[in-house]
Amino acid sequence: MFLTAIPGLVTDTHTVDAANNVPFPVPLGVIFVESADAGKNRDPNTTPSVRSRGTRRWVFVYNDSGVDIAANKVVARKATEQKFHGRVAPASTPQGLLVGISQNIIPNGSAGWVVCEGVCDVTSDDTTALTVSTSIGMGTGGVAGCVQTVAATASHLGWAVEGVGVSTVATVYAHFPVG
């Protein structure tokens, strides 16, 4: 299912109120297509460059991993759970288990939106600087939730839009085949 409008902002997180039978505002796994000019769904307090990143696709995931998912981290599905139950991706996670990149904190026990395609921010790992226009991926032996430069034939998740040093937030174009 694809949406072109959502209740609230993509930075909102949601919890289920089971006692009052109040579910999430949209089903897990739904994809929101944010058009290039959809400023109404972005935080108005961010800089114009962040608000004008082109068309992006976001997927709604539930974090029941036991810990918060920090901003700018690669998110993977829990191998033993349904497809859209997420966690911070362990280093070397197979590409088929990856769902997107968080752009804000998704607290444990909450659901939120992660970018599955488009320009977004992600943290580079502590072993490899990112070079502009190079392929990015989870690599091997890296840091959980972080990307590194990989060969284009490896677990390619996109490419670096800017070059940055190690353990730094970078702007990338990401593509996760979900949905």
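**Entry 1: Buried charges**

I start with a cut-off: a residue is buried when its relative accessible area is under 20%. I keep in mind that this model is predicted. I looked up Glu-34 and found 0% relative accessibility, so Glu-34 counts as buried. What does the side chain of Glu-34 meet in a salt bridge? I found Arg-56 there, at 3.2 Å from N to O. The two sit in distant parts of the chain, with Glu-34 in strand E2 and Arg-56 in strand E3, 22 residues apart. Arg-56 is buried too, at 5%.

**Entry 2: The other salt bridges**

I noted that the structure holds 3 salt bridges. Another one joins Glu-117 to Arg-57, with the closest N and O atoms 3.3 Å apart. This pair links strand E7 to strand E3 across 60 residues. I checked both partners: Glu-117 is partly exposed at 21%, while Arg-57 counts as buried at 19%.

Then I turned to Lys-78, which forms a salt bridge with Asp-64 at 3.3 Å between the closest N and O atoms. Lys-78 lies in the loop between E4 and E5 and Asp-64 in the loop between E3 and E4, so the pair ties together parts 14 residues apart in sequence. Lys-78 is buried at 16%, and Asp-64 is partly exposed at 23%.

**Entry 3: A loop residue**

Is Val-67 buried or exposed? I read a relative accessible area of 53%, so Val-67 is exposed. I found Val-67 in the loop between strands E3 and E4. Its C-alpha atom is separated by 7.1 Å from that of Pro-107, 40 residues apart along the chain.

Methods
Residues are numbered from 1 along each chain as its sequence is written. This is a predicted model: local features need pLDDT of at least 70, side-chain atom pairs count only at pLDDT 80 or more; totals for chains, interfaces and linings use all residues. Side-chain values use heavy atoms; hydrogens and water are left out. Helices (H or I, at least four residues) and strands (E, at least two) are DSSP runs, numbered from the N terminus. Buried means under 20% relative accessible area, exposed over 50%, partly exposed in between (1.4 Å probe, protein chains only). A salt bridge is a side-chain nitrogen of Lys or Arg within 4 Å of a carboxyl oxygen of Asp or Glu.
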